[in-house]
Amino acid sequence: MADKNNTGNTRFHAEKHSITANFRAFLDNAARRMLPPIAMLTIKKPASLQGGFFLLLLAGFLAGCADPGPRALLEGEQLLAQKKYTNAIVKLTRATELLPQNAQAQNHLGLAYHHAGMPNQAFEAYQQAIRLDRNLAAVRFNLGCLLLEQQRYAAAANELATAATLQPRHLEAWLKLGTAQLRQAPLSGAEKNQWLDAARKSFEASLQLSPTAEAYNSLGVIEVQRSRARDALKLFNSALQKDPHYPASLLNLAIVYQHHLNDPRAALQKYREYLAAQPRSGRFKEIEQTARQLDLALSPPAQPAVPPVVQAPP
């Protein structure tokens, strides 16, 4: 059977699970440097890598086919879908040997390495997929996510921008692109505003596809970095209109009220809402302590009455 490398017609879908611990947390590293002592949050959802999976199409096409290359690719994809990453690496490595010009095989091998916590091998596989098909949006997105996890924000932005250009209706690509640009901004010195402008455009592009709390919240963080606290408030509240319990925006509102607008009562209310919406994990205790100190400052305990001095009888 001839090699079928029809990557141009392949639909790609997001896998809805986390890749590394970097994306299990909500905390944004760049903003952590911006607003001590409580971090600004910008990301809620874990990274969703793009597999370019076409299992049903390939399974139907290969029914009764004994060609070992496509068969290894199909079996590797199935193992990926089952989260059996070590076994998937074995099958997909074989697929890339049998189908050396197949960009999807390299992309899936990169995915397997990525999920298995082997970023160097994932990087090499993604790069090889790009050498075979530079217009494969899925691998551009996956490589961008890997670079984002590694805090290589400028490089991540380049790959994610390509993915968004190739697939302009891909919401996740615009959100991750904006995140990379926003995280790069504090590292860029005189180019900070250029990165902030680019991040704003990316998040606004995502809003054209689907208004999300994540996009509104991230736009709010951009306004904070530009010292526009009241504009940031509007955007954080817009995020809460999409998701009333969105933790990032609840915490961001508390930070802005406390550190930028000198409104401790409003800050305390938002800290309490954040704590009520969050499980007792991560920075819960730190934020709980901040709220307790703020509450104590606003309502100090009454001092016990001092008894009058009694003069001794003569």
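## Packing of two helices

The crossing of helix 12 and helix 13 is left-handed, a term for a near helix turned anticlockwise from the far one by less than a right angle; helices here are DSSP runs of H or I with at least four residues, numbered from the N terminus. The model is a predicted one, in which local features need pLDDT of at least 70, side-chain atom pairs count only at pLDDT 80 or more, and totals for chains, interfaces and linings use all residues. Residues are numbered from 1 along each chain as its sequence is written, and side-chain values use heavy atoms, with hydrogens and water left out.

Helix 12 (residues 229-242) and helix 13 (residues 247-259) pack at about 160 degrees with their axes 9 Å apart, so that helix 12 is roughly antiparallel to helix 13 (an angle over 145 degrees).

## A buried loop residue

Ala-185 lies in the loop between helix 9 (171-184) and helix 10 (192-209), and Ala-185 is buried, with a relative accessible area of 0% (buried means under 20%, with a 1.4 Å probe and protein chains only). Leaving aside residues up to four places away in sequence, Ala-185 touches Lys-192, Trp-195, Leu-196 and Gln-225; the C-alpha atoms of Ala-185 and Gln-225 are separated by 9.2 Å, although these residues are 40 residues apart along the chain.

Key:
Axes are lines fitted to C-alpha atoms, for helices over the stretch in contact, and angles run from 0 to 180 degrees between N-to-C directions. Angles under 35 degrees count as roughly parallel, over 145 as roughly antiparallel, 65 to 115 as roughly perpendicular and the rest as oblique. Buried means under 20% relative accessible area, exposed over 50%, partly exposed in between (1.4 Å probe, protein chains only). Contact means heavy atoms within 4.5 Å.
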